[in-house]
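Please have the sequence and the structure open while reading.

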Amino acid sequence: MRFILGITGGIGSGKSAATQWFESQGIRVVDADIVAREVVERGQPALKSIQDTFGDWVLLEDGNLNRRALREHIFQSPEARQTLEKITHPAIRQSIIQQLQNAQSPYVILVSPLLFETNQHELVHHTLLIDTDEHIQLQRASQRDGQNAAEIRKIIETQMPRAQKQQLANDIVLNDGLLEHLHKQLKPLHLSYLQHAEQFF
Ligand code: ADP
């Protein structure tokens, strides 16, 4: 079994910036957001279940998922959200497990904005929180996505409070400065993860 590191952090905290650096060091990264999109691609069993459960309106003419319509629907109805998550979460989890198993590098990373919220932390051996204050999160995420602060704030509200994540994470990196400052903090952690990983083979 390989050593698996879980990386989490709120929207705009710098998870991608961190995983890009780990990738530059030869570490394979499985991204839960990407997996979440893959499992509802055309032809995937989870998409068929969503169609069977909610109706044909969930599909666009070309057979792809109508994300916007579904998002609006679950936004109105917490039960619908739960029903949807009962379909998608097991499919996402299964695919994450498979991709982590297939990954070939000294250790592997699972990055997920909802690592603790969706119990994906059970799939990893150790966790690293990329941490920033809300002010920086709002600024960086709105610059990146062109969304306004109110929309970003809404997303932040659906995520676990920062203080709780700080309690749960094994390691914390504060990403409140330049990228070089982030990389400088990641380097000693990477070296310790490499050492740790050796015990796993
Ligand atoms: P996340 O993946 O957690 O949502 P990102 O890594 O995409 O966050 O970071 C959000 C935005 O902020 C991106 O445009 C990224 O390039 C930028 N960013 C992240 N960390 C820093 C930093 N230390 N200095 C400047 N910009 C940063």
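## Terms and basis

A residue is called buried under 20% relative accessible area, exposed over 50%, and partly exposed in between (1.4 Å probe, protein chains only). Helices are DSSP runs (H or I, at least four residues), numbered from the N terminus.

The model is predicted: local features need pLDDT of at least 70, side-chain atom pairs count only at pLDDT 80 or more, and totals for chains, interfaces and linings use all residues. Residues are numbered from 1 along each chain as its sequence is written, and side-chain values use heavy atoms, with hydrogens and water left out.

## Helix α1

Helix α1 spans residues 15-24, and K15, A18, T19, W21 and F22 are buried in this helix. These residues lie on the same side of α1, because they cover an arc of only 155° around the axis. The arc is that of the directions from the helix axis to the C-beta atoms. Q20 and S24, on the other side of α1, are exposed.

In general, an α-helix has 3.6 residues a turn, so residues three or four places apart point the same way.

## Helix α2

Helix α2 covers residues 32-38 and contains R37. With a relative accessible area of 45%, R37 is partly exposed.

I34 is also found in α2. Its relative accessibility is 38%, so I34 counts as partly exposed. I34 and N148 are 114 residues apart along the chain, and 23 Å separates their C-alpha atoms.

Terms used:
Helices (H or I, at least four residues) and strands (E, at least two) are DSSP runs, numbered from the N terminus.
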